[in-house]
Structure formats: structure tokens, C-alpha cells
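Trainee: I would like to learn how to read a protein model step by step. Could you take me through one?

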Amino acid sequence: MFGVLGEMKGRIVLIKIPDRNTAKKFLMEAEKLNPGRWVPHSLFVAQAAEAIAKEHPELDSEVAYVVGCLHDIGRREGITYMRHSFDGYRFLQQRGYDDAARICITHTFWLKGLEEYSGKWDCSADEISFLESYIASVEYNEYDRLIQLCDCLALPSGFCLLEKRLVEAAIRYGTTEHTAVKWKLLFENKDKVEQKIGGSIYDLLPGLRENTFS
Ligand SMILES: [Fe+2]
């Protein structure tokens, strides 16, 4: 049970999430434990998610901000790769925030398979087994897809064209045989969101042009 109540007035409702102030508090505490560029990145992901959700008929902007803010919270444990998803899930799930915890995992595995992951596999065998069964059990919803998208719209310095962030991540973490399929899925995700909001996501993100080409 992930706390998704189904739809209310056409909106997907998530109930097991902290409020905005608690989410920001978690992020600031995490920054003290592991300061780094991931913190401003997380805040830009939250802002992008909020801005897009405000225009989206099925999303709540407050929920979008919170799950965006916390998607990388597992980085509080240090410089990690695959296990930042596991650690984030565990941190939030232990506090009863199952719906925010879910995003810590789903934002990483767009194709619902661990083999798509191009960074280090720094989880134990049991943790890998848990991640595999978790993503197999979850049906991705609009919030999962929103944060996958927004994760690729935010550098630590601000918003950017998706292509810039994808190339930066490919250089940093490498690619797998699944990378092209993932990129195709992301652009399909962008198209679906833009159909729902009736315009370009880029028009909602201030400074995107300057940050992309600076
Ligand atoms: Fe991220």
C-alpha cells in the first residue's frame, strides 16, 4: 500500500508525504551531513515540479514540490550511487512518508529494471533484491514521471534543456545499452506532460535559456 488514494476531482492524491517545511528541514539537515551540489539541484527539481504541476490538471503543486525536494534525500548518507535511492526510501519510509519514499526509488529506474542503471551498484545483494521487487510491484503514476522529468531539468546552477542534463549525466556516470531507450521514454514523458499543460515546460522555468547556454 503506497498511500495513493486514487483520483479525487481528476487529481491523483498522495497522502503519505511531509509538508513543505518539513521537507525543506530534512533537506537542510541532510546538507549538513553531506554538503554538495545535490542540494541546490534538489531545490530546482522541486521548483520545476511545482511550476509544472500548477498547470497540470491531475497534479497538486504542493505535493509536487515536496516529492521533488526529497527525491535525492538518500544522499544525506554520503557520496553514493545506486544506494542513494535505497537510503532515501528507507529514511522517508521509516518516518511514515511512503509516497515520498517511493519517489526516491522510482526517479532512478525509468524502465523498471536495475540493469538500466549506469552508475555504481553500491547496494548489498539484499538491497538489490528489495529494489527489484519494489519497482516490479509499483505502477508508475504521474508524480513518478513528473520527478523523472524534473530531475533532468535541473542543474545545481538552475534549470536547463533536457539534452544538456542528459549529456552531463552520461559523461559523469557512463551509459548502458538501455540509455537510448531511456532518453526516448523521457522525451515521450515530456510530450505527454506538455499535452496536459497545453504548452512548453520550458516556458515555465525562469532562467532556463541563460543557464543552458552559459
Ligand atoms: Fe536528482
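Trainee: Among the contacts in the protein with a separation of 6 or more, what percentage do residues 24 or more positions apart account for?

Mentor: Keep in mind that this is a predicted model. Of the contacts with a separation of 6 or more, 71% are between residues 24 or more positions apart.

Trainee: Which helices and strands does the protein have, and in what order do the elements run from the N terminus?

Mentor: The protein has 10 helices and 4 strands, and from the N terminus on their order is β-β-α-α-α-α-α-α-α-β-β-α-α-α. Its radius of gyration is 16 Å, close to the 17 Å that the globule rule gives for 214 residues, so the protein is as compact as a globular protein of that length.

Trainee: Which residues of the largest nonpolar core touch the most other members?

Mentor: The general idea is that in soluble globular proteins, nonpolar side chains tend to be buried together. Here the largest nonpolar core holds 53 residues, of which Ala48, Ala49, Val67 and Leu146 touch the most other members. Helix 2 (38–55) is among the helices that each supply at least two residues of this core, and the largest share, 8 residues, comes from helix 2. Leaving out residues up to four places away in sequence, alanine 48 touches Gly68, Cys150, Leu153, Ala154, Phe159 and Leu205.

Trainee: Why is leucine 204 classed as partly exposed?

Mentor: Leucine 204 has 19 other C-beta atoms within 10 Å and is therefore partly exposed, because a buried residue needs 20 or more. Leucine 204 lies in the loop between helix 9 (179–197) and helix 10 (208–213), and beyond its neighbours within four places in sequence, leucine 204 is in contact with Ala51, Ile52 and Glu55.

Conventions. Residues numbered from 1 in each chain as written. Predicted model: local features only at pLDDT ≥ 70, side-chain atom pairs only at ≥ 80, totals over all residues. Buried ≥ 20, exposed ≤ 12 C-beta atoms within 10 Å, placed from the backbone. Contact = placed C-beta atoms within 7 Å. Core = buried A, V, L, I, M, F, W, Y, C linked by C-beta atoms within 7 Å. Rg over C-alpha atoms; globule rule 2.2 N^0.38 Å.
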